[in-house]
Amino acid sequence: MANYTAKDIKELRERTGAGMLDVKKALDEADGDQQKALEIIRVKGLKGVSKREGRATAEGIVVGRIEGQKGYLVEVNSETDFVAKAEPFVAFGEKVMDAAVAVDAQDLDTLLAAEVDGQKVSDLVTETGALLGEKVVVRRIARVEAPLVELYLHRTSKDLPAQVGVLLAVDGQGAEAETAAHDVAVHIAALSPNFLTREDVPAETVENERRVAEETAKAEGKPEQILPKIVEGRLNGFYKENVLVDQDFAKDAKQSVGAVLKAAGATPKAFARFRVGA
């Protein structure tokens with residue numbers, strides 16, 4: 001019988017995120033040697049990379065960082081939440097972020113081609129997937145820049161790392177602007193707006209909302225003469241639901257987000273919101 005204990009199994013699972021059976025088999029094959037068992041798991045994982053290509057990666061974490069006046073947000077995915085909270089996967093996310101900051105990445109292709117510790121991020125993805133025995137993906141990256149950048153990371157479960165991340169870039173300074181930016185970042189995490197301002201809504205989306213509002217009003221038998229007013233009212237409702245500065249502020253619904261930022265001397269420039277798998 002191989003010379004290892006339940007503690008050895010637990011430690012190796014935490015190091016690799018691998019399943020109980022895979023860890024026990026590796027320790028058996030390595031006669032209890034942790035380092036050899038780790039190598040066995042990695043080698044077997046590399047052999048199984050192609051088999052995992054079609055698997056879904058709905059779990060994962062969001063990693064965020066602010067460097068000066070720039071903010072970065074990265075989502076990395078795994079197949080299971082067990083792997084998502086494993087130390088090697090969390091460390092993988094931080095390495096990917098290191099690479100993003102180093103090359104000031106603004107898109108996924110640039111990030112995957114970047115190097116960290118002498119290794120391309122794309123190769124690191126393959127290696128990490130081999131170690132963990134699951135398909136691993138760098139899904140997306142966002143970057144914002146402004147005089148003031150706020151980062152908010154939210155845990156949807158206390159047992160997992162952050163799965164919601166928000167970056168908010170504003171033109172402003174001082175304690176009041178910083179407080180408002182933080183509060184609005186938390187608001188974005190909860191209310192998930194789709195656009196910063198009305199001007200950012202695509203024209204075709206606006207026209208479609210107008211058409212639907214008009215057709216709905218007609219189907220409801222509304223008088224022809226008041227249709228324009230009804231359509232504008234419903235379009236404003238669309239803006240209040242989807243546009244950040246038009247939304248009712250989560251902490252005080254009597255104010256809009258735009259009004260809160262303006263009162264604090266902060267002009268919103270950009271935001272990004274990631275939720276794992278969404």
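**Close-up views of a predicted model**

**View 1. Leu38 in helix H3.** Leu38 is found in helix H3, which covers residues 34-47. The model shown here and in the following views is a predicted one. With a relative accessible area of 10%, Leu38 is buried, because the limit for a buried residue is under 20%. Between the C-alpha atoms of Leu38 and Lys10 the separation is 13 Å, and the two residues are 28 apart along the chain.

View 2. Gln163 is placed in the loop that runs between strand E6 (148-154) and strand E7 (164-171). The relative accessible area of Gln163 is 9%, and the residue is therefore classed as buried. When neighbours within four places in sequence are left aside, the contacts of Gln163 include Glu59, Gly60 and Val62.

**View 3. Asp104 between helices H5 and H6.** Asp104 belongs to the loop between helix H5 (87-102) and helix H6 (108-113). Its phi is near 50 degrees, a positive value in a residue that is not glycine. Most residues other than glycine have a negative phi. Asp104 has a relative accessibility of 22% and so counts as partly exposed.

**View 4. Asp117 between strands E3 and E4.** The loop between strand E3 (115-116) and strand E4 (119-120) holds Asp117. Asp117, although not a glycine, has a positive phi of about 55 degrees. At 66% relative accessibility, Asp117 counts as exposed, because the limit for an exposed residue is over 50%.

**View 5. The stretch of residues 46-50 and the confidence of the model.** The mean pLDDT of the chain is 90, and 92% of its residues reach 70 or more. Over residues 46-50, by contrast, the pLDDT is below 50. Beyond near neighbours in sequence, this stretch has three contacts in the model. Where pLDDT is low, the predicted coordinates should not be read in detail.

**View 6. The chain as context for the close-ups.** The chain contains 11 helices and 10 strands. Its radius of gyration is 24 Å, well over the 19 Å given by the globule rule for 278 residues, so the chain is more spread out than a compact globule. Along the principal axes, the C-alpha atoms fill a box of roughly 85 × 50 × 35 Å. Of the 278 residues, 45% count as buried.

Key. Residues are numbered from 1 along each chain as its sequence is written. This is a predicted model: local features need pLDDT of at least 70, side-chain atom pairs count only at pLDDT 80 or more; totals for chains, interfaces and linings use all residues. Side-chain values use heavy atoms; hydrogens and water are left out. Helices (H or I, at least four residues) and strands (E, at least two) are DSSP runs, numbered from the N terminus. The radius of gyration is taken over C-alpha atoms; the globule rule is 2.2 Å times the number of residues to the power 0.38. Buried means under 20% relative accessible area, exposed over 50%, partly exposed in between (1.4 Å probe, protein chains only). pLDDT is the predictor's confidence in each residue, from 0 to 100. Contact means heavy atoms within 4.5 Å.
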